[in-house]
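Colleague: I am new to this one. Can we go through the model step by step?

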Amino acid sequence: MSSDFDSLERSLEQHIPEDELREVKRILYGKELQKLEIPSAAQSIADSKDFEINGYRFGAQFETLRPPRIVRVGIVQNKIVLPTTECLNAQRSALHYRIADIISAAAAANVNILCLQETWRKFILFPS
């Protein structure tokens with residue numbers, strides 16, 4: 001894979017005509033989503049720490065028993081920060097620092113629920 005590959009979405013946007021792109025996104029994601037403006041504080045963190053941040057609006061059906069409300073959900077896809085030839089402790093620490101920066105950006109974007117991918121592989125045993 002090329003090191004200058006940024007993301008699937010950007011590649012699609014660069015190489016597929018707009019009419020076809022709408023159909024591709026419909027097939028991949030369902031209906032087209034409204035892109036949200038990211039708060040400047042959150043975008044600043046993402047820019048300075050070199051990660052991507054996006055926001056999309058998902059609508060919901062009107063409910064009769066409670067008023068509508070906005071719930072902001074963040075989903076994190078992390079990556080390996082240091083080369084895998086580095087010691088495990090350094091790799092884990094670097095990953096934790098990166099995730100801390102991402103959590104700070106999520107807080108700046110007023111995220112209510114943040115879903116984190118496993119930040120470090122660990123065996124979990126459940127006693128019976």
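Colleague: What share of the accessible surface of the protein belongs to carbon and sulfur atoms?

Modeller: Keep in mind that this is a predicted model. The accessible surface of the protein comes to about 11,000 Å². The share that belongs to carbon and sulfur atoms is 54%.

Colleague: Which residues make the nonpolar surface patch of about 390 Å²?

Modeller: Patch residues need over 30% relative accessible area. Phe5 has 40%, so Phe5 is partly exposed. The patch is made by Phe5, Leu8, Leu28 and Tyr29.

Colleague: Where is the place of Phe5?

Modeller: Look towards helix H1, which spans 8-15. Phe5 sits in the segment before helix H1.

Colleague: Is Gln91 buried or exposed?

Modeller: Gln91 lies in helix H4, residues 88-108. The cut-off for buried is under 20% relative accessible area. Gln91 has 11%, so Gln91 counts as buried.

Colleague: Which residue has its backbone oxygen 2.7 Å from a polar atom of the side chain of Gln91?

Modeller: A polar contact needs a pair of N or O atoms within 3.5 Å. Here the distance is 2.7 Å, from the side chain of Gln91 to a backbone oxygen. That oxygen belongs to Glu86.

Colleague: What percentage of the residues in the protein is buried?

Modeller: The protein has 128 residues. Buried residues make up 18%.

Terms used. Residues are numbered from 1 along each chain as its sequence is written. This is a predicted model: local features need pLDDT of at least 70, side-chain atom pairs count only at pLDDT 80 or more; totals for chains, interfaces and linings use all residues. Side-chain values use heavy atoms; hydrogens and water are left out. Helices (H or I, at least four residues) and strands (E, at least two) are DSSP runs, numbered from the N terminus. Buried means under 20% relative accessible area, exposed over 50%, partly exposed in between (1.4 Å probe, protein chains only). A polar contact is a pair of N or O atoms within 3.5 Å; within protein, one must be able to donate a hydrogen and the other to accept it, and residues adjacent in sequence count only if both atoms are side-chain atoms. Accessible areas come from the Shrake-Rupley method with a 1.4 Å probe; for residues, only the protein chains shown count as cover. Patches are made of residues with over 30% relative accessible area and no salt bridge: like charges are joined within 9 Å, nonpolar side chains (Val, Leu, Ile, Met, Phe, Trp, Tyr) within 5 Å. A salt bridge is a side-chain nitrogen of Lys or Arg within 4 Å of a carboxyl oxygen of Asp or Glu.
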